[in-house]
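Here are a few notes on the rings and pockets, jotted down while going through the model. Have a look at it first, then read on.

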Amino acid sequence: MSKRLLNLDTLRGLAALLVVWQHSSEVFIQVPNIALHGTDLANFISQLDFGRIGVLCFFLLSGYVIPHSLLEANRPLKCFAIRRFFRLYPTYWVSLIIAVSFTWLFAGHIFSPVAVLANTTMLQGLLGFENVQKLYWTLTAELIFYLLCAMMFALKLLGNPKNLLLLCWATLSLFICLQLFEHSPALQLQLPVTITYIPYGIAVMCCGALLRYCFETKRFHRYAVLAIASTFSIPILVLSLHLFGNSISSEPVRFGLSHLIALGIFLSVISLPLNSIRHFATLGTISYSIYLFHLCMIYVMKWSISQPWGQVFSGFPLSVYLSVTTLASIALATLIYWLIERPFVKLGRSLSTSAQDAESAQQQESEKVAIRT
């Protein structure tokens, strides 16, 4: 594995941990005995928005990897679909079952069967249903990006970076329109933030894809510059307006800094000759499982320390709970990876190879028939 690809795995691991720390901090700082030890760490994590930084790094990584894998693998689109399906859905469905069960057991909340069924698609937000886990909205954005890349690949448009730049601008335009509609007194459009932010997330993925073109071909730099300048001018604008006393966001500093920090981290990883930290690279391998299952672990731990028998464990500083949650999430994710994620990934590769072999054999047979006639 090249140093750059190893660094990408390192970034996946770091991004997953940033999300874990954000959610852990938000949950445990609400416990009075924990808050008594101080809220500085929680405030720092919240102000920089570790979770958003992690999600944006994931978006940039998806853009960097997915279009390139479609173009370079030299496989039929069917093979890509099979591999992506088995990479994403089996582990996701297990997390959905566990989340629904834990929400009922530890919070007494029961999701309707229709809502759970909608969540099995990863498109529940677009169908008008709530996310069983609040982080599922990011998977909707990822899935839409995969579908757009597949369509562009089928139409032979994905190989031209200009088309990705146009997609970036189109999704940015949609994002801006949704923001204007939402704040228009005449229209009063009421959509969840997790829906209105998706077009922006796709624009971020396009930035990652265009950066990959730069590094692979040593060309097309202007497309990447235009995409990044367009996409990240929005958080810069939000910050600038706030500095001049005209805020257009409820949390302008948090919004602006998180986007710029994520971009800076990503550019550093792919540009600088970093010596990858092996442990983070290993975490990158199980980052999907960490991402999907850490909230379940957090809520089990919070429920535990709220019980009479668990009160003795409820008076430590926040850093202790962040550490324990991180280790517990890694342990659970490792188990899920080896029992579920890895076997299904291997199954997807096997099925896609079989499908490719069958298609190649069919194509050869068609060529023989054509020659005979």
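1. Start with the aromatic cluster: Phe-85, Phe-86, Tyr-89, Tyr-92, Trp-93, Tyr-136 and Phe-344 belong to one group. Rings of Phe, Tyr and Trp (its six-membered ring) count as a pair if their centres lie within 6.5 Å; planes under 30 degrees apart are called stacked, over 60 edge-to-face, and the rest tilted.

2. A word on the source: this is a predicted model, where local features need pLDDT of at least 70 and side-chain atom pairs count only at pLDDT 80 or more, while totals for chains, interfaces and linings use all residues. Numbering runs from 1 along each chain as its sequence is written, and side-chain values use heavy atoms, with hydrogens and water left out.

3. Searching the whole structure turns up 21 aromatic pairs. One of them is Phe-44 with Phe-50, edge-to-face at 5.8 Å centre to centre and 80° between the planes. Phe-50 is buried at 13% relative accessible area, whereas Phe-44 is partly exposed at 46%. (Buried is under 20% relative accessible area, exposed over 50%, partly exposed in between, with a 1.4 Å probe and protein chains only.)

4. Two arginines sit over tyrosine rings. Arg-52 is over the face of Tyr-197, 5.3 Å from the ring centre, and the charged end of Arg-84 is over Tyr-146, 5.3 Å from the centre of that ring. The test is NZ of Lys or CZ of Arg within 6 Å of the ring centre and within 35 degrees of the ring normal.

5. Now the largest pocket, with about 1,400 Å³ of space. A pocket here is an open set of points on a 1 Å grid over the protein atoms alone, where a 1.4 Å probe fits, with protein on both sides within 12 Å along at least five of seven lines; lining residues have an atom within 4 Å of a point. The volume is the space filled by probe spheres set on the points, which are joined across faces, edges and corners.

6. Who lines that pocket? There are 41 residues, with Arg-12, Val-65, Arg-84, Arg-87 and Arg-349 nearest its centre. H4 gives the most, 10 residues (helices are DSSP runs of H or I, at least four residues, numbered from the N terminus).

7. The second largest pocket holds about 680 Å³. Of its 20 lining residues, Phe-175, Gln-179, Ile-248, Ser-249 and Phe-255 lie nearest the centre. H8 contributes the most here, with 5 residues.

Definitions and conventions: Helix = DSSP H or I, 4+ residues; strand = E, 2+ residues; numbered from the N terminus.
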